[in-house]
Amino acid sequence: MPEGPTIVILREQVERFTGCSIVRAEGNAKIDLSRLEGRRVAAFRSWGKHFLVDLQDFALRVHFLMFGSYTIDERKPRAPRLSLGFAGGELNLYSCAIRMIESDLDSVYDWSADVMSEAWDARAACRKLRAMPDTLVCDALLDQQVFAGVGNIIKNEVLFRIRLHPLSKVGALPRRKLAQLVDEARRYSFDFLAWKKAFVLRKHWLAHTKRTCPRCAIPLSKAHLGATDRRSFWCARCQRRYG
């Protein structure tokens with residue numbers, strides 16, 4: 001599943017189509033494609049894992065699910081979910097969920113919850129976390145209303161960086177550790193973005209999919225944890241469990 005930084009990269013790559021009119025819209029998405037042709041793209045935006053095409057009167061929301069992908073100015077050998085053609089190129093979306101948003105995007109999305117946004121509000125994230133004391137940190141990091149854009153890779157790497165066990169309860173964290181969790185979620189997301197652009201992301205993984213702790217030189221633990229039941233990788237020695 002593409003995480004927030006990957007959606008930011010997509011947004012930047014299609015920026016050249018901003019202000020352009022859609023001359024062709026096709027695909028097997030279950031939306032009214034006829035509404036798209038002739039529409040001018042007011043902006044491309046992103047919120048967490050959502051890619052947004054703002055068409056002024058309404059918008060398209062794209063979620064890439066687990067295996068979604070996209071191409072620009074080229075096509076894969078299968079039908080796209082949605083293909084948007086412009087005078088100067090095309091955007092093709094595959095294996096994703098697409099729906100129309102009829103409301104103003106600013107009334108739909110809390111931009112302060114997006115870890116990649118300039119509007120990110122760390123204090124608000126801390127308040128939300130304090131309101132969910134029984135939640136495991138491995139679940140809290142994947143809560144898109146708190147950390148929009150954080151996915152499983154970021155979750156595992158953030159917890160390893162700050163030496164926090166994934167089964168720790170949010171309410172048991174000292175105030176400084178809670179703040180560290182919030183700050184590191186944003187910091188690592190921007191590291192992820194830089195490494196992804198440089199095609200070296202995997203080289204920087206310390207825990208995700210790894211077998212040995214680089215700090216302790218002992219085997220990492222691996223399991224599907226929490227209500228989200230996502231894969232976690234952690235060190236039983238150097239990642240402290242609270243609660």
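1. The model is predicted: local features require pLDDT of at least 70, side-chain atom pairs count only at pLDDT 80 or more, and totals for chains, interfaces and linings use all residues. Residues are numbered from 1 along each chain as its sequence is written, and side-chain values use heavy atoms, with hydrogens and water left out.

2. Helix α1 covers residues 4–13, and seven of its 10 residues are buried, so the helix is largely enclosed by the rest of the structure. Buried means under 20% relative accessible area, exposed over 50%, and partly exposed in between (1.4 Å probe, protein chains only). Helices (H or I, at least four residues) and strands (E, at least two) are DSSP runs, numbered from the N terminus. The buried residues of α1 are Gly4, Pro5, Thr6, Ile7, Val8, Ile9 and Leu10. They pack against the strands β2 (43–47), β3 (50–54), β5 (69–72) and β7 (89–94), and against the helices α5 (152–161) and α6 (175–197).

3. Helix α5 is likewise largely enclosed by the rest of the structure, because nine of its 10 residues are buried. These are Asn152, Ile153, Ile154, Lys155, Asn156, Glu157, Val158, Leu159 and Phe160. Their cover includes α1, α4 (137–140), α6 and β10 (230–234). Arginine 163, which follows α5, has a positive phi near 60°.

4. Two packed helices are described by the angle between their axes and the distance between the axes. For α1 and α6, the axes come within 9 Å and cross at roughly 55°. That makes α1 oblique to α6. Axes are lines fitted to C-alpha atoms, for helices over the stretch in contact, and angles run from 0 to 180 degrees between N-to-C directions. Angles under 35 degrees count as roughly parallel, over 145 as roughly antiparallel, 65 to 115 as roughly perpendicular and the rest as oblique. Pro5, Thr6, Val8, Ile9 and Glu12 of α1 meet Ser189, Phe192, Leu193, Lys196 and Lys197 of α6, where contact means heavy atoms within 4.5 Å.

5. The axes of α5 and α6 come within 9 Å and cross at roughly 120°. Among the residues in contact are Ile153, Ile154 and Val158 of α5, and Leu181, Tyr188 and Trp195 of α6.

6. Leucine 181 lies in helix α6 and is buried, with a relative accessible area of 0%. Leaving aside residues up to four places away in sequence, leucine 181 touches Leu129, Val137, Leu141, Val158, Leu159, Ile162, Leu164 and Leu173. Its C-alpha atom is separated by 14 Å from that of threonine 135, 46 residues apart along the chain.

7. The structure contains seven aromatic pairs. The ring centres of phenylalanine 44 and phenylalanine 51 are 5.9 Å apart and the planes are at 5°, so this pair is stacked. Rings of Phe, Tyr and Trp (its six-membered ring) pair if their centres lie within 6.5 Å; planes under 30 degrees apart count as stacked, over 60 as edge-to-face and the rest as tilted. Phenylalanine 44 is buried at 5% relative accessibility, and phenylalanine 51 is buried at 0%. Trp47, Tyr109 and Trp111 form one aromatic cluster.

8. Charged groups also sit over rings. The charged end of arginine 35 is over the ring of phenylalanine 58, 4.2 Å from its centre, and lysine 76 lies over the face of tyrosine 94, at 5.3 Å from the ring centre. The criterion is NZ of Lys or CZ of Arg within 6 Å of the ring centre and within 35 degrees of the ring normal.
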